[in-house]
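Confidence comes at the end.

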Amino acid sequence: MYIVKRHNILTHPAVRLGAVLATLLIAGCDKGHGCTICGGFGTGAANLEGSVKGLVGSRLVLQNNSTRLNQLNGQESNGSNVLLGTAKFNSSYDITVLTQPTTPSQTCVVTNGTGSIGNSDVTSIVVTCVTNPPRFLYVANRGSGNVSAYTIDAASGALAPISASPFAAGSTPVAIAVDPTGAYVYVVNQSGANIFAFMIDRTSGALSAVAGSPFATGPLPTSVAVDPSSSFVYVTSRSAGTVSGYAITAASGALTALSGGVIATGRSPSAVTVDPLGEFVYVANQAEGTFSAFSINTGILTADVGSPFPAGSSPSALALDPTGQLIYIANSAANTLTGISGLPVSATVTQSPISGSPYPTGLTPTSIAFSAANNFVYVANQGSNNISGYQSGAAGVLTALAGSPFASSAQPSSVAVDPTGKFAFVANSGSNTVSSYTIAPTSGALVPIGGSPLATALLPSAIAISD
């Protein structure tokens with residue numbers, strides 16, 4: 001009889017330990033962190049990390065080859081070791097900007113964005129963002145039915161009239177907005193109950209009518225806003241108590257009313273704004289002292305639970321902070337500025353006044369501008385011919401700026417801050433002028449620019465800036 005002896009290759013303890021370690025290491029290749037011996041076994045994912053600098057706006061989206069990476073929003077996304085996304089081991093990466101940030105408009109570039117991943121994380125990517133300087137300023141003139149247009153000197157903030165300005169814009173234009181791409185201007189005409197749409201000549205700033213313009217609105221429209229993706233326009237109707245949504249045709253700027261896009265607000269809506277991420281719309285309801293909150297779904301608005309919310313006496317204007325979590329509302333009858341936290345509205349978050357709110361303003365506050373670049377807030381006080389200035393601090397608490405309020409010309413009706421936070425501009429309906437100011441970078445004080453104010457047409461009522 002022949003006896004055959006079986007040999008067990010895992011009998012020796014050292015051999016068994018080696019096999020176990022090899023199994024664990026191979027399994028670790030699927031976890032995506034620093035496996036250096038996986039070689040051809042690598043099927044996991046590596047982190048794509050790096051530094052982000054200068055980001056102020058929202059909705060910055062990067063892509064690796066054609067794969068969308070994480071969206072980055074606001075100043076809190078700046079820093080080192082920022083996770084941009086992931087990619088497979090043993091692959092190549094090519095990271096570029098898919099969508100530039102808006103609110104304010106910025107241009108971001110990627111360096112160290114290409115290479116081979118191997119079996120470890122990539123940590124050397126650099127994303128640098130610069131805020132686009134202001135180029136053009138547009139003023140809607142309620143008394144003369146037109147729009148005054150100016151170039152903005154990016155270094156000094158000085159204005160110069162654009163050739164052929166002012167541009168006819170229907171009857172009683174009371175509100176104006178520029179889309180985030182700087183391609184189109186939308187002007188609301190109260191008497192005509194319509195929106196005039198213009199294409200911006202990106203070289204000269206001159207306006208030309210969009211085909212099909214004007215587009216019908218509800219009766220007595222009062223305000224207009226464009227969402228951050230330049231996909232939708234929202235217009236409030238005072239007498240109907242509604243906000244209407246329109247889709248923007250990207251190639252032409254033409255508007256198409258959204259089916260089911262007319263939504264009830266409170267009484268006498270006076271102002272509308274869209275949050276920096278393009279997910280929510282807020283409307284000030286002047287006759288009932290409230291603001292309405294809506295969620296956006298493919299342009300269509302749905303009222304949030306509990307909406308509308310208290311806002312103070314006769315809210316005439318509103319503005320969001322760069323995070324979209326705080327809202328400030330000018331109360332023209334109470335001469336105050338109400339600050340509210342707890343946005344966006346949800347079942348787990350309570351909307352409540354910011355500490356110290358309401359804050360005193362001048363007489364008849366009618367317009368608010370929030371500077372995302374430096375967290376300064378400015379309010380145009382039509383009844384007292386001045387501009388109140390505040391610093392927004394922790395939790396959105398406002399502190400009056402030294403020297404505030406700052407003098408303006410007669411009856412300031414609208415205030416705007418350029419995307420870089422260097423300049424402020426004010427339309428003065430009582431003197432038919434537009435004033436220009438530099439913003440002191442540390443104190444936020446408004447300093448008049450030489451040659452200011454410049455003449456507009458009759459009764460300037462609203463102002464908008466294009467990069």
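In this predicted model, strand β33 spans residues 376-381, and six of its six residues are buried, so the strand is largely enclosed by the rest of the structure. Buried means under 20% relative accessible area, with exposed over 50% and partly exposed in between (1.4 Å probe, protein chains only). Strands are DSSP runs of E, at least two residues long, numbered from the N terminus.

In a regular strand the side chains alternate between the two faces of the sheet. Phe376, Tyr378 and Ala380 point one way from β33. Val377, Val379 and Asn381 point the other way. Both sets are buried.

Now look at the neighbours. Two strands pair if DSSP finds at least two bridges between them. Strand β32 (residues 365-371) runs antiparallel to β33, joined by six bridges. The two form a hairpin with four residues between them. In that turn, Asn375 has a positive phi of about 60°.

Strand β34 (residues 386-392) is also antiparallel to β33, again through six bridges. Four residues separate the strands of this hairpin, where Asn385 takes a positive phi near 55°.

Val377 links the picture. Phe370 stands opposite Val377, and in β34 the bridge partner of Val377 is Tyr390.

How confident is the model? pLDDT, the predictor's confidence in each residue, runs from 0 to 100. The chain's mean is 92, and 91% of residues reach 70 or more. Over residues 1-42 the pLDDT is below 50. Where pLDDT is low, the predicted coordinates should not be read in detail.

Residues are numbered from 1 along each chain as its sequence is written. Local features need pLDDT of at least 70, side-chain atom pairs count only at pLDDT 80 or more, and totals for chains, interfaces and linings use all residues, while side-chain values use heavy atoms, leaving out hydrogens and water.

Technical notes. Contact = heavy atoms within 4.5 Å.
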